[in-house]
Each structure stands twice: as C-alpha cells, then as structure tokens.
Amino acid sequence: HVCASHLCAMASDHVVTCEELSFRLFDSVRITARAWGNPNASTKVLCLHGFMDNCASFTPLAQTLVRKHGEDEVCLVCIDFSGHGQSHHLPIHAYNGVWVDEAIKVSDALQWDRFVLMGHSMGQAIAFIVAGVIPERIEKLVLIEGIGPSATKDQDIPHAIIQRLSRKLKSLPREPKLYATVEECVDRMQRSDAQLSRPSAALLVERGITRVEGGLKFSHDPRLRGTSPFLLLSEGHVRTFTQRIKCPVLVVWGTHRWYPMDMDLIEQRTKAFANC
C-alpha cells in the first residue's frame, strides 16, 4: 500500500519536485519516504540513512543528482526507517534486524526488480546485508562511511546478547523533552554532533520533529538510544555476505570522521568484493 503527496524543494537556481511516500508494510505500521525524480526512470536508487538520522540526510545529494542527470533520468527514494523521521515506532523488541526487511519490502512495494542501493553509516551496513540477501536485484551498491556492518568476535557474541537484553529491559518509555522553536531543535542537534553544519542540522530537524501540545519534540523513538538494534554478525558472516555481492561496489569515506578506521580490515573487505 503506497500513498503519495507532492512537495517542492529549492535546488540551486530551480525548483526540484519530490513526493512524500507512505508504505504500510507491517499491519498498521507506516514507513515514510521522499522520492526525487521520475518514478519511471531507468536508474532507480534506494537510499538508507544512518542511526538516529532520517531520509533528509540525502536531500542535498538527491537534488544534486536530479539536477545533474535530469528529472526523467533518475529516481531516488529515501526512506525513514521505523523509529526515525516520520515513520511509526515499533515495540522495542521488534527493531532487531527489522530495517533490512523494511528496505526489501519498500523495494517490493515500489515494484523495483533491479535498483541501485545506497546507504550512509548504519544505512550502509543495512544496504550491505540487503545486497547479500537479494544480490540478483542490486545493480550497484554505494557504501558511505563504512564497508559493511561491525563484526563481533565469536567468543564475544553470548556476552553481547546478554548486554542487549539488559539494555532493552532498561529502555522504558520516557517523556520527551519539548522545545519552543525550531531553532532550539537545531541548536540541540548541533550540540549532539559538533561536526554537523547548521544547514545540515536544519534539514534533519525539519524532517525529524513533531508539534505536540506544549511545543516541539524530536520524532525519533528515544528508546533506540539505549539499544543496539542490529544483527550480531561475526567477521565470517560478513565475509559470506561479501562473497554473495557480485555487483559493482563504491565505498565513500568522509574527509572529517569521528570514528576510528581499521585500515587492515577495510583493505581485507575491499579485496573480498568481486568488484569494488
């Protein structure tokens, strides 16, 4: 079930039109997205955002690609994972691994047989897994600020499971902090990430807040901060997925990074791809 509404965004010297999409994937759970370009374009790109971000992460890139290639040549669909942006929240136990399923189900709802898959940060880890699950449907894979999911040593997995269960028990609902203005929300976003520019923070805030009685609140699920809602995989598991990915792979690293980089691991994973 897909619903759509139109909106416009300024891109350089002309207006680029995008659509608001809504998918009913799991009973009453609503997953939202923004679509840029022509739905019938030959190049279709599914974009997956990072943890605690939302689909607006891709707005500048989507506008740039549509301007460069033309609205009829490319279609980008940027989704809000459950618990993010304007999508519904899930029971806390249901987040584990569900975003892989959401990405695949959105591509099914769009009736995309083959498409380019692009992800940023956590989104690239999810894109990596999706590409390994349905490799025959992925034309190209773009991994931004990552090269697959983090791996857990075999002997550490039981302890990691115990920690996750403990965190979920502690992740009880809490009253969200309210803000008087959008500017206060942008200030808060920048305090949480000192490297985030104000225009970028404003984009994420525009998509990631909701007006309620008494002010504005961030719309993401606050319980996610106390969890690790991703699959536990060993390096062996990751390599098995890598071997299943046959499409061309592009890995993009940011110039300014807050995270450490294991260059030996990056080189090993890069060589493990058929075409990276």
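Visitor: At what angle do helix α7 and helix α8 pack, and how far apart are their axes?

Guide: Start with the general idea. Two packed helices are described by the angle between their axes and the distance between the axes. This model is predicted. In it, α7 (residues 235-244) and α8 (residues 263-272) pack at about 35 degrees, with their axes 9 Å apart. Their crossing is right-handed.

Visitor: Which residues make the contact?

Guide: From α7, they are E235, V238, R239 and T242. From α8, they are L265, Q268, R269 and A272. By class, the contact residues divide into 3 nonpolar, 2 polar and 3 charged.

Visitor: Which residues of α2 are buried?

Guide: The buried ones are V98, W99, V100, E102, A103, I104, V106 and S107. After α2 comes Q111, with a positive phi near 60 degrees.

Visitor: Next, the strands. In which sense do β4 and β6 pair, parallel or antiparallel?

Guide: Read the sense first, then the bridges. Strand β4 (residues 43-48) pairs with β6 in the parallel sense over 4 bridges. C47 has M118 in β6 as its bridge partner. On β6 and β7 (residues 138-144), the pairing is also parallel, over 6 bridges. There, G119 stands opposite L143 of β7.

Visitor: How many residues of β6 are buried?

Guide: Strand β6 spans residues 115-120 and is mostly covered, with 5 of its 6 residues buried.

Visitor: Last, a loop residue. Is F81 buried or exposed?

Guide: Check the relative accessible area against the cut-off. Buried means under 20%. F81 has 0%, so F81 is buried. Its place is the loop between β5 (74-79) and α2.

Visitor: Which residues is F81 in contact with, leaving aside neighbours within four places in sequence?

Guide: The list is L48, H49, S87, W99, E102, M122 and I126. Two of these names, W99 and E102, are also among the buried residues of α2. For sequence against space, take F81 and M52: they are 29 residues apart in sequence and 9.4 Å apart in space, C-alpha to C-alpha.

Methods: Residues are numbered from 1 along each chain as its sequence is written. This is a predicted model: local features need pLDDT of at least 70, side-chain atom pairs count only at pLDDT 80 or more; totals for chains, interfaces and linings use all residues. Side-chain values use heavy atoms; hydrogens and water are left out. Buried means under 20% relative accessible area, exposed over 50%, partly exposed in between (1.4 Å probe, protein chains only). Helices (H or I, at least four residues) and strands (E, at least two) are DSSP runs, numbered from the N terminus. Axes are lines fitted to C-alpha atoms, for helices over the stretch in contact, and angles run from 0 to 180 degrees between N-to-C directions. A crossing is left-handed if the near helix is turned anticlockwise from the far one by less than a right angle, and right-handed if clockwise. Contact means heavy atoms within 4.5 Å. Ala, Val, Leu, Ile, Met, Phe, Trp, Tyr, Cys and Pro count as nonpolar, Asp, Glu, Lys and Arg as charged, and the others, Gly among them, as polar. Two strands pair if DSSP finds at least two bridges between them.
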